[in-house]
Amino acid sequence: YNESLNLYDKAIGLNGPHQHKAYYNKGVLLSFLNKDAEAGECYRMATNLKSDYVQAWYNWGNLFCKVHEYHKGKELFEKGQAADPNAVNPKIGIAYCHNRLNNSSKAIDILNRLLDIEENIESEAIVRSELGLGLLQTNNVQLAYDQFKKAYELNNNDYQVCYNIAFISDI
């Protein structure tokens with residue numbers, strides 16, 4: 001990985017037309033290596049160079065969520081959504097933060113709109129799992145269970161979905 005990091009640094013130093021991508025990809029690698037502070041700096045640089053770089057905003061927001069800084073993560077997801085109002089990932093990130101900031105009704109609204117508007121979205125399992133969490137937090141246990149089961153049908157290898165189905169089954 002050191003060779004890749006060195007080559008990203010060289011590409012960044014050459015100030016080419018895709019410098020923002022070099023910063024972004026270096027951030028992805030650093031995040032993979034659990035060097036999150038350095039990864040965050042790379043995403044910051046990528047978004048400074050290209051303010052509508054949705055995936056960089058999204059990955060940067062995820063770094064903050066990883067350390068439970070949901071307000072900051074939400075702020076970055078919102079910047080990603082502003083850059084591309086049709087992008088799905090920032091909306092999922094915003095809903096994720098709302099669920100963890102005790103504002104599940106907003107999360108539910110966002111996620112339901114995603115399911116209504118988007119057909120066959122790649123991340124449907126994630127949307128349904130997050131929707132299930134919001135419904136569970138608002139004591140809509142049966143609706144939550146239904147969403148978790150749909151998420152499980154789409155991805156039966158999701159730890160959180162399996163856990164939540166088991167948890168509800170124990171109630």
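1. N139 sits in the loop between α8 (124-137) and α9, where helices are DSSP runs of H or I with at least four residues, strands are runs of E with at least two, and both are numbered from the N terminus. N139 is not a glycine, yet its phi is positive, about 65°. Its relative accessibility is 65%, so N139 counts as exposed; on the scale used here, buried means under 20% relative accessible area, exposed over 50%, and partly exposed in between, with a 1.4 Å probe and protein chains only.

2. On provenance, this is a predicted model, in which local features need pLDDT of at least 70 and side-chain atom pairs count only at pLDDT 80 or more, whereas totals for chains, interfaces and linings use all residues. Residues are numbered from 1 along each chain as its sequence is written, and side-chain values use heavy atoms, with hydrogens and water left out.

3. N15 also has a positive phi without being a glycine, in this case of about 50°. N15 belongs to the loop between α1 (2-13) and α2, and its relative accessible area of 56% makes it exposed. A further positive phi, near 65°, is that of H68, which follows α4.

4. As for the overall fold, the protein contains 10 helices and 0 strands, and its C-alpha trace spans about 55 × 30 × 30 Å along the principal axes. Of its 171 residues, 43% count as buried. Among contacts (heavy atoms within 4.5 Å) with a separation of 6 or more, 41% are between residues 24 or more positions apart.

5. Helix α4 (residues 54-66) has 13 residues and reaches 18 Å from its first C-alpha to its last, close to the 18 Å expected at 1.5 Å a residue; the expected span is 1.5 Å times one less than the number of residues. The buried residues of α4 are V54, A56, W57, Y58, N59, W60, G61, L63 and C65, and they pack against α2 (19-32), α3 (36-49), α5 (70-83) and α6 (88-100).

6. Within α4, G61 has a relative accessibility of 0% and therefore counts as buried. Apart from neighbours within four places in sequence, G61 is in contact with G73, L76 and F77. The C-alpha atoms of G61 and I94 are separated by 9.3 Å, although these residues are 33 residues apart along the chain.

7. Which aromatic pairs deserve a check? A search of the whole structure finds 8 of them, taking rings of Phe, Tyr and Trp (its six-membered ring) as paired if their centres lie within 6.5 Å, and calling planes under 30 degrees apart stacked, over 60 edge-to-face and the rest tilted. Y24 and Y53 form a tilted pair, 5.1 Å centre to centre with 35° between the planes. Y24 lies in helix α2 and Y53 in the loop between α3 and α4, so the pair ties together parts that are 29 residues apart in sequence. Y24 is buried, with a relative accessible area of 12%, and Y53 is buried as well, at 14%. The rings of W57 and W60 have their centres 5.7 Å apart and their planes at 20°, so this pair is stacked. Both tryptophans are buried, and both lie in α4, 3 residues apart, about one turn of the helix.

8. Y24, Y43 and Y53 form one aromatic cluster. Y53 is also among the residues touched by H20, which are A46, L49, K50 and Y53 when residues up to four places away in sequence are not counted. H20 lies in helix α2, and its relative accessibility of 10% means that it counts as buried.

9. The axes of helix α9 (residues 141-154) and helix α10 (residues 159-170) come within 9 Å and cross at roughly 145°, the axes being lines fitted to C-alpha atoms, for helices over the stretch in contact, with angles from 0 to 180 degrees between N-to-C directions. The crossing is left-handed, in the sense that the near helix is turned anticlockwise from the far one by less than a right angle, clockwise being right-handed. From α9 the contact is made by V141, A144, Y145, F148, K149, A151 and Y152, and from α10 by V161, C162, N164, I165, I168 and S169. These residues divide into 10 nonpolar, 2 polar and 1 charged, where Ala, Val, Leu, Ile, Met, Phe, Trp, Tyr, Cys and Pro count as nonpolar, Asp, Glu, Lys and Arg as charged, and the others, Gly among them, as polar.
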